[in-house]
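Biologist: Could you take me closely through the salt bridges of this model, and through the strands and core around them? I would like the cut-offs stated as you go.

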Amino acid sequence: GCEASSGPYGAVVTLLTPVGRASGRISLYPNPAHESVTLELPDHQGVVLVRILDPMGRELLRLETTSDFLRLPVNGYSAGAYWVECGGYRIPLLIR
């Protein structure tokens, strides 16, 4: 499952279900985004694949990380709806 909340960063989407080797929450903020988004992967272990996809499923960014905190640049993308994929789950991302 997931939960959404709002605060100083706009909406924060948090996945509550384990993702890949991550055993805790995964958060993506701010959402909507302008220049970059932050992806938090607390409690994960090992390498996690992170991708940004356009609405047609085309891969715009692909990286593997062992970090639990990533800042992903989105300032080069057109305004619209995208997906951040992490461990087989897709998190909706809006870019303004």
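Modeller: The structure holds five salt bridges, a salt bridge being a side-chain nitrogen of Lys or Arg within 4 Å of a carboxyl oxygen of Asp or Glu. This is a predicted model, in which local features need pLDDT of at least 70 and side-chain atom pairs count only at pLDDT 80 or more, while totals for chains, interfaces and linings use all residues. Residues are numbered from 1 along each chain as its sequence is written, and side-chain values use heavy atoms, with hydrogens and water left out.

One of these salt bridges joins the side chains of Glu59 and Arg51, at 2.8 Å from N to O. Glu59 is partly exposed, with a relative accessible area of 38%, whereas Arg51 is buried, at 17%; buried means under 20% relative accessible area, exposed over 50%, and partly exposed in between, with a 1.4 Å probe and protein chains only. The side chain of Arg51 also meets that of Glu85 in a salt bridge, again with 2.8 Å from N to O. Glu85 lies in strand E8 (residues 80-86) and Arg51 in strand E5 (residues 48-53), so this pair ties together parts that are 34 residues apart in sequence; helices (H or I, at least four residues) and strands (E, at least two) are DSSP runs, numbered from the N terminus. Both Glu85 and Arg51 are buried. Glu59 forms a salt bridge with Arg62 as well, where the closest N and O atoms are 3.1 Å apart. Through shared partners, salt bridges join Arg51, Glu59, Arg62, Glu85 and Arg90 into one network.

E8 and E9 pair in the antiparallel sense over seven bridges, and Ala81 has Leu94 as its bridge partner in E9.

The largest nonpolar core has 19 residues, of which Leu39, Val50, Leu72, Val84 and Leu93 touch the most other members; such a core is a set of buried Ala, Val, Leu, Ile, Met, Phe, Trp, Tyr and Cys residues joined through side-chain atoms within 4.5 Å. At least two residues of this core come from each of strand E3 (26-31), strand E4 (36-40), E5, strand E7 (69-73), E8 and strand E9 (89-95). Leaving aside residues up to four places away in sequence, Leu39 has contacts (heavy atoms within 4.5 Å) that include Val50, Leu72, Val84 and Ile91.

Confidence should be read alongside this picture. The protein averages a pLDDT (the predictor's confidence in each residue, from 0 to 100) of 79, and 73% of the residues score at least 70. Confidence is highest in E4, at 94, and lowest in strand E1 (residues 2-7), at a mean of 48. Over residues 15-23 pLDDT stays under 50, and the model has 29 contacts beyond four places in sequence for them.

Notes. Two strands pair if DSSP finds at least two bridges between them.
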